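Here is a friendly tour of one protein model, written for someone who likes cut-offs stated plainly. Please keep the structure open beside the text as you read.

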Amino acid sequence: MISALVVLLCSQAALGQASEGDMNASQLRDLVVNSSADLQSYRFSMQMDHKIDMINASSGEVDTAYLNSLGRGAADMTRARMKLSLAALSYVMGDDENATAIALDEYMVNDTVYLKMNGEWSAMNMGQGSDPWSSQSNLEQQIELFSSSNLTLIGSESVEGRDCYKVAARIDPASAAGLMSEQLNSVIPMGLINLSSLLGNMSLDAYYWIAKDTHTVMRTDIMEDFVVDLRSMGLSEDSAGQEMRVSGETSMLFYGFNESINITLPQEAEDVQASPLGLLLSSGSDADEPEGCDQDEYGGEVSGESVEFDKNAL
């Protein structure tokens, strides 16, 4: 979810005069950004399928795992509330009988994330970011990537009965790294990860379907492929000579724009004391409390019990 929209390259009046016949990718880029400015609410569904190969360069041994996820959610932009329900299945090739599944519910209210996993609620205050709400919005993420990508208008297709422009996008890894930094900065200390090294060999291709009447993003398909040297993630020397190859596709469908949405935080979530991010990250470790920080500054007592949090669900 992103802190600011891209500045329009052309005036709204000039864009409004473009017809379908003379539409081009540059004009469509501006129309999409402009149409999102007054967005009040939306609903979405997502499907994520990833293949992960762990490769030992010395032995040539390859272990392959799969992660399949389905999710549905909604966002109320005017009240800064979002909900996501996600189910994920992971398994190792050849060991299907030991597949594992998780289900989670995530709410975001202003700058606080509430997560229910394995029947337990946790809460995290992400207020140290410039705009934590925008940095987690699924639709705003897609618009940010769309507006900073190399676009090609390739034709028209129907999505959910609506006539749409279909646009191919070549996403700049540097733009993706910047967006990921905003997201991950809410979850882990970015000083521990060299994102430029991590994403330097990433290939990101996408297709966007844009409604012809409202210029809203209706659907996105993003294909990713990258290789990670595990040492670049700050892991131990034992990871030397090992790499992780990830390929996957994420499909999202957006609908219900500007409809009335009632996102209500469950009472059991409201009863959870939100832990400030800094303390949550060091929870369960031997790290000392930051100098000059006390209970009042962080807004109350924080349990020392470790809280499980899935950054990929955001």
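## A helix pair beside a sheet

Helix 2 and helix 3 cross in a left-handed way, a label used if the near helix is turned anticlockwise from the far one by less than a right angle. The contact (heavy atoms within 4.5 Å) is made by Leu28, Arg29, Val32, Val33 and Ser36 of helix 2 together with Ile143, Phe146 and Ser147 of helix 3. The two axes come within 10 Å and cross at roughly 155 degrees; axes here are lines fitted to C-alpha atoms over the stretch in contact, with angles from 0 to 180 degrees between N-to-C directions. Helix 2 and helix 3 are therefore roughly antiparallel to each other, a term that covers angles over 145 degrees.

This is a predicted model, in which local features need pLDDT of at least 70 and side-chain atom pairs count only at pLDDT 80 or more, while totals for chains, interfaces and linings use all residues. Residues are numbered from 1 along each chain as its sequence is written, and side-chain values use heavy atoms, with hydrogens and water left out.

How much of helix 3 is buried? Of its 10 residues, 9 are buried, meaning under 20% relative accessible area with a 1.4 Å probe, protein chains only. Among them are Leu139, Ile143 and Phe146.

Now to the sheet. The protein has 8 helices and 12 strands, which are DSSP runs numbered from the N terminus (helices H or I, at least four residues; strands E, at least two). An open sheet of 12 strands runs in the order 7-8-9-10-11-1-2-3-4-5-6-12, with mixed pairing; two strands pair if DSSP finds at least two bridges between them. Strand 7 and strand 12 stand at the edges with a single partner strand each, so one side of each has no neighbour in the sheet. Helix 2 packs on the sheet, touching strand 7, strand 8, strand 9 and strand 10, and its direction makes about 70 degrees with that of strand 7.

| Element | Residues |
|---|---|
| Helix 2 | residues 25–36 |
| Helix 3 | residues 138–147 |
| Strand 8 | residues 162–170 |
| Strand 9 | residues 203–211 |
| Strand 1 | residues 41–56 |

Strand 8 and strand 9 pair in the antiparallel sense over 7 bridges, and Ala168 stands opposite Tyr207 in strand 9.

Within strand 1 sits Ser45, which is buried, with a relative accessible area of 14%. Leaving aside residues up to four places away in sequence, Ser45 touches Gly71, Arg72, Ser251, Met252, Leu253 and Tyr255.

How values were computed
Angles under 35 degrees count as roughly parallel, over 145 as roughly antiparallel, 65 to 115 as roughly perpendicular and the rest as oblique. Buried means under 20% relative accessible area, exposed over 50%, partly exposed in between (1.4 Å probe, protein chains only).
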